[in-house]
Amino acid sequence: MKLLSYGYWRKGQIRATFDLFPDSLVTFRRIGSFYFVYMISWSELDLVVTREHLKIMEILMNKELGTIDAYNSRRRS
């Protein structure tokens with residue numbers, strides 16, 4: 001999976017699109033010093049989103065924003 005595009009939205013949230021889900025918007029929200037999937041505006045034209053997809057989305061977004069260390073620290077605890 002690849003991150004196609006993202007942009008800042010309201011209240012510090014980020015909206016992104018991914019290559020496996022090009023017609024769906026994924027909204028990320030900041031908690032502490034990293035981002036997590038907050039909401040998905042899913043399109044029926046896309047695949048069904050699984051938990052594994054959500055994890056990959058979070059990793060890709062946190063890598064892009066440079067917050068992957070904080071994200072990985074949270075995942076270990």
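Which residue takes a positive phi in the hairpin of strand 1 and strand 2? Select K11: its phi is near 55 degrees, and the hairpin has 5 residues between the strands. Strands (E, at least two residues) and helices (H or I, at least four) are DSSP runs, numbered from the N terminus.

**Before going on**

This is a predicted model, in which local features need pLDDT of at least 70, side-chain atom pairs count only at pLDDT 80 or more, and totals for chains, interfaces and linings use all residues. Residues are numbered from 1 along each chain as its sequence is written, and side-chain values use heavy atoms, with hydrogens and water left out.

Colour the model by pLDDT, the predictor's confidence in each residue, from 0 to 100. The protein averages 93, and 96% of the residues score at least 70.

Now select the 4 strands, which form an open sheet in the order 1-2-3-4 with antiparallel pairing. Strand 1 (3-8) and strand 4 (34-41) stand at the edges; each has a single partner strand, so one side of each is left without a neighbour in the sheet. From one strand to the next, the twist averages 30 degrees. Two strands are said to pair if DSSP finds at least two bridges between them. Strands of a sheet pair through backbone hydrogen bonds, either parallel or antiparallel.

Take the pairs in turn:

- Strand 1 and strand 2 are antiparallel, with 5 bridges. Select S5 and its bridge partner in strand 2, T17.
- Strand 2 and strand 3 also run antiparallel, joined by 4 bridges, and a hairpin of 2 residues connects them. Select R15, which stands opposite T27 in strand 3, then A16, whose bridge partner in strand 3 is V26.
- Strand 3 and strand 4 pair in the antiparallel sense over 7 bridges. V26 has I40 as its bridge partner in strand 4. In the turn of this hairpin, which has 2 residues between the strands, G32 has a positive phi of about 65 degrees.

Buried means under 20% relative accessible area, exposed over 50%, and partly exposed in between (1.4 Å probe, protein chains only).

**Helix 1**

Select residues 51-65, which are helix 1. Helix 1 packs on the sheet and touches strand 1, strand 2, strand 3 (21-31) and strand 4; its direction makes about 130 degrees with that of strand 4. Axes here are lines fitted to C-alpha atoms, for helices over the stretch in contact, and angles run from 0 to 180 degrees between N-to-C directions.

How far apart are the end C-alpha atoms of helix 1? They are 21 Å apart, which agrees with the 21 Å that its 15 residues should span at 1.5 Å a residue. The expected span is 1.5 Å times one less than the number of residues.

Next, select H53, M57, E58, M61 and N62, the buried residues of helix 1. They cover an arc of only 160 degrees around the axis, which puts them on the same side of helix 1. The arc is that of the directions from the helix axis to the C-beta atoms.

Is H53 buried or exposed? H53 is buried, because its relative accessible area is 16%. Leaving aside neighbours within four places in sequence, H53 is in contact (heavy atoms within 4.5 Å) with M1, L20, F21 and V48.

The last stop is G66, which follows helix 1 and has a positive phi, near 80 degrees.
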